[in-house]
Amino acid sequence: MAENLNIEVSPISRVEGHGDLVIDMKNKKVEKLMLRIPESPRFFEAMLVGRNWTEPSHITSRICGICSVAHTYASIKATEAALGVKINDQILKLRKLIFHHECVQSNTLHVYFLAAPDFLGAGSVFPLVQTNPEIVNIALRLKKMANDMVRIIGGRAIHPITTVVGGFTKLPAEQEMYQMRDMLKSAYPDLEASLKFFKTLKLPEFKRETEYISITDNKEYALYDGKIKSSDGWIIDGKDYLTKIKENVVEHSTGKHCRASRDSYMVGALSRFNNNYDKLSDNAKTFAEELGLKAPCYNTFMINFAQFVEIVHSIDDSIKLIDDLMQSGLDENKAMVNVKPKAGRGVGVVEAPRGLLIHDYTYNDEGKVTKANLIIPTNMNYANVEKDMADYLPLVINKSEDEITLAMEMLIRAYDPCISCSTHFLNVKLNK
Amino acid sequence: MSKPKVGIFGLTGCGGCQLEILNLEDQLIDLVSAIDIVHFTEAITEYSDNYDIALVEGSVTTKHDIERLEHIGKIAKIIVAIGACACSGGLNCLKNLYGVEKAKELVYGDKKDWIDTVETKPIDAYVKVDYYARGCPPARAEIVDIVKSLIVGKIPEIPNYPVCIECKRLGNTCLYEFGIVCMGPIARAGCDARCPSAKSGCVACRGFIDDPNINAQKDILAKYNLTVEDIMEKFNLYNACKKDKNEQKTK
């Protein structure tokens, strides 16, 4: 067994953004074990100040290319809360529909393209084109389906266009609604084939119970709307997030670390699964059972399977949403509601694919932003990642240095970090 | 003929342009067999510093970005700027508008001296750029076209006419008829007028055509009783770095 380790991977591959893995062990004593974040600070809080209420969703969409729909809607909900805008049922259903598919696109990208190669001994998805062509083609088809869904409703797959405060600038055509339904239905054989494939993968045995935080809803598996729930036993309205979530500066990271009830907590697919398992579609529950995924699950590596189960659920729920909407058909007159700027503060809370996402805006009576706070899911995971790393290292310490490095990279990758999203600071006075 | 070696990089940006490459879906496998991607940290673990062509996303906003970009500039024979951030600085330039020191103070308070950040610039302020795949996000077809052109050794054709032409071709009703401000008359086409087609005004994320006829835009504004302030605000979403164009590197 190694007595000394000096591992630095800079940057880690197959994650979004720049993060470094650093492990320093001397004479069996761990001196440094961290996920160092040297990613550029983005300054979105400054860029929003002075902008007109029509603009923040367009600007904050550009925080992230993978979760642009999530940022767009956290932003829109914050503005609508501040301005007192009430949307109608058609708008809500269309929003939930597009929201499902950004999640499908992102989860597909992560599970098949970014994480799966590790389980097949490959450095990327590209060699899998030769060795596992069926699964690569499935991945490309699922991603295309999800991107097409977002494009049909949102106007574009990355940085949607039609999605604005008050509703949609343009609705899909009736024919497109049925086209989307067909696309969803034709995904099932690919889901079944994927299940067979995932069952052959051996995920590392690792268990570390932590606090799991996500949004929650009485009627459905919450992604777009809900209250904030903790597995440690509290539920609060989104606008009261500051009563429970605290951030602190850490020297080795341009992204802050977060605490709630304990020293760290987890957000993302596994938190959603643990908190809201009973709201998954029956089909999704069956898939989970086949994969040995039971709620509550404390194995970080199972985030990958939770993401796949969510893909199944989103496809099931999308078909229901389309059927609901097409009962009466789409009404052009209900595409947008009236919006009048006014002074106010509003908080928008959603589940981005990677976890809880909060935008908090204050407007003046001209409808211009005076202040903005953005709380990013990947930030919320950093402290938990490092605690997991500390618990996991002893389990792999007898392996070679290369194997230890890969094991730790896989642990970090399991969180599906979105690092360039996460480099923000809150300009809020912390309660002392 | 050996396949060109390509490196794909991201500086400060949202990763969306690199994602658009992965979003090529049906074309991705063909692309990967026509070129040799030797550096693409977002998707591939192994990497090599031996590439002929560099596709670069993101603008330069930190000293670290400058170092990385200059390193790429020493290796690559051809550099393609992908997306608005790399091509013109993009939305990241709003930080310059707000004021870099002010922004550091607002967001980081007493920790501001820990922060590495400089005035945002497009990549051609630091390295010679051979081709631009503009837009936020860029058009996938244009990225593919540029790469194909580089493989066969021809110059890619980038439109130098306004978005209005594409709108007309699609039979769209002009957004000004709905009272929606649109920069189509001076914005560079190549995106299939996707925003006006979705009934949302063009914000010139691909920048302007060469020698835009600013006066024509003003005539349209006057016709619809719109103010220049509205346009200037839209103008600065993606083009706030434009003033520094005279320091563009030619070699």
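Helices (H or I, at least four residues) and strands (E, at least two) are DSSP runs, numbered from the N terminus. This is a predicted model, in which local features need pLDDT of at least 70, side-chain atom pairs count only at pLDDT 80 or more, and totals for chains, interfaces and linings use all residues. Residues are numbered from 1 along each chain as its sequence is written, chains are lettered from A and ligands numbered from 1 in the order in which they are written, and side-chain values use heavy atoms, with hydrogens and water left out.

**Exercise 1. Backbone details**

Solution: 

Task: Locate Arg14(A) and give its phi.

Solution: 
- Step 1. Look in the loop between β1 (5–9) and β2 (20–26) of chain A.
- Step 2. Arg14(A) is not a glycine, yet its phi is positive, about 55°.

**Exercise 2. A sheet of three strands**

Task: Describe the sheet built from β12, β13 and β14 of chain A.

Solution: 
- Step 1. Apply the pairing rule: two strands pair if DSSP finds at least two bridges between them.
- Step 2. The sheet is open, its order is β12-β13-β14, and the pairing is antiparallel.
- Step 3. β12 (344–352) and β14 (369–375) of chain A are the edges; each has a single partner strand, so one side of each lacks a neighbour in the sheet.
- Step 4. Direction ignored, neighbouring strands are turned by 15° against each other on average.
- Step 5. β12(A) and β13(A) (residues 355–363) are antiparallel and share 9 bridges. Val347(A) faces Asp360(A) of β13(A).

Task: Which helices lie on this sheet, and at what angles?

Solution: 
- Step 1. Axes are lines fitted to C-alpha atoms, for helices over the stretch in contact; angles run from 0 to 180 degrees between N-to-C directions. Contact means heavy atoms within 4.5 Å.
- Step 2. α3(A) (residues 68–83) lies across β12 and β13 of chain A, at about 150° to β12(A).
- Step 3. α12(A) (residues 377–396) touches β12, β13 and β14 of chain A, and makes about 130° with β13(A).

**Exercise 3. A sheet of four strands**

Task: Work out the layout of the sheet that holds β6 and β7 of chain A.

Solution: 
- Step 1. The order in this open sheet is β8-β7-β6-β11 (chain A), with mixed pairing.
- Step 2. β8 (234–236) and β11 (265–266) of chain A are the edge strands, each pairing on one side only.
- Step 3. β6(A) (residues 211–216) and β7(A) (residues 227–230) run antiparallel, joined by 4 bridges. Ile213(A) has Ser230(A) of β7(A) as its bridge partner.
- Step 4. α9(A) (residues 269–276) packs on the sheet, touching β6, β7 and β11 of chain A, and its direction makes about 75° with that of β6(A).

**Exercise 4. Helix pairs**

Task: Classify the packing of α4(A) with α6(A).

Solution: 
- Step 1. α4(A) (residues 89–119) and α6(A) (residues 133–154) pack at about 155°, with axes 9 Å apart.
- Step 2. Use the classes: under 35 degrees is roughly parallel, over 145 roughly antiparallel, 65 to 115 roughly perpendicular, and the rest oblique.
- Step 3. α4(A) and α6(A) are therefore roughly antiparallel to each other.
- Step 4. The crossing of α4(A) past α6(A) is left-handed (the near helix is turned anticlockwise from the far one by less than a right angle; clockwise would be right-handed).
- Step 5. The contact of α4(A) with α6(A) has 17 nonpolar, 5 polar and 2 charged residues. Ala, Val, Leu, Ile, Met, Phe, Trp, Tyr, Cys and Pro count as nonpolar, Asp, Glu, Lys and Arg as charged, and the others, Gly among them, as polar.

Task: Do likewise for α7(A) and α11(A).

Solution: 
- Step 1. The axes of α7(A) (residues 174–185) and α11(A) (residues 303–328) come within 10 Å and cross at roughly 155°.
- Step 2. α7(A) and α11(A) are therefore roughly antiparallel, and α7(A) passes α11(A) in a left-handed crossing.
- Step 3. The residues of this contact divide into 9 nonpolar, 1 polar and 4 charged.

**Exercise 5. The two chains**

Task: How much area do chain B and chain A bury between them?

Solution: 
- Step 1. Buried area is the accessible area (1.4 Å probe) that two parts lose on being put together, summed over both.
- Step 2. 55 residues of chain B are in contact with 57 of chain A.
- Step 3. The chains bury about 4,800 Å² between them, 65% of it on carbon and sulfur atoms.
- Step 4. Cys14(B), Glu25(B) and Tyr108(B) supply 13% of the area that chain B buries against chain A, more than any other three residues.
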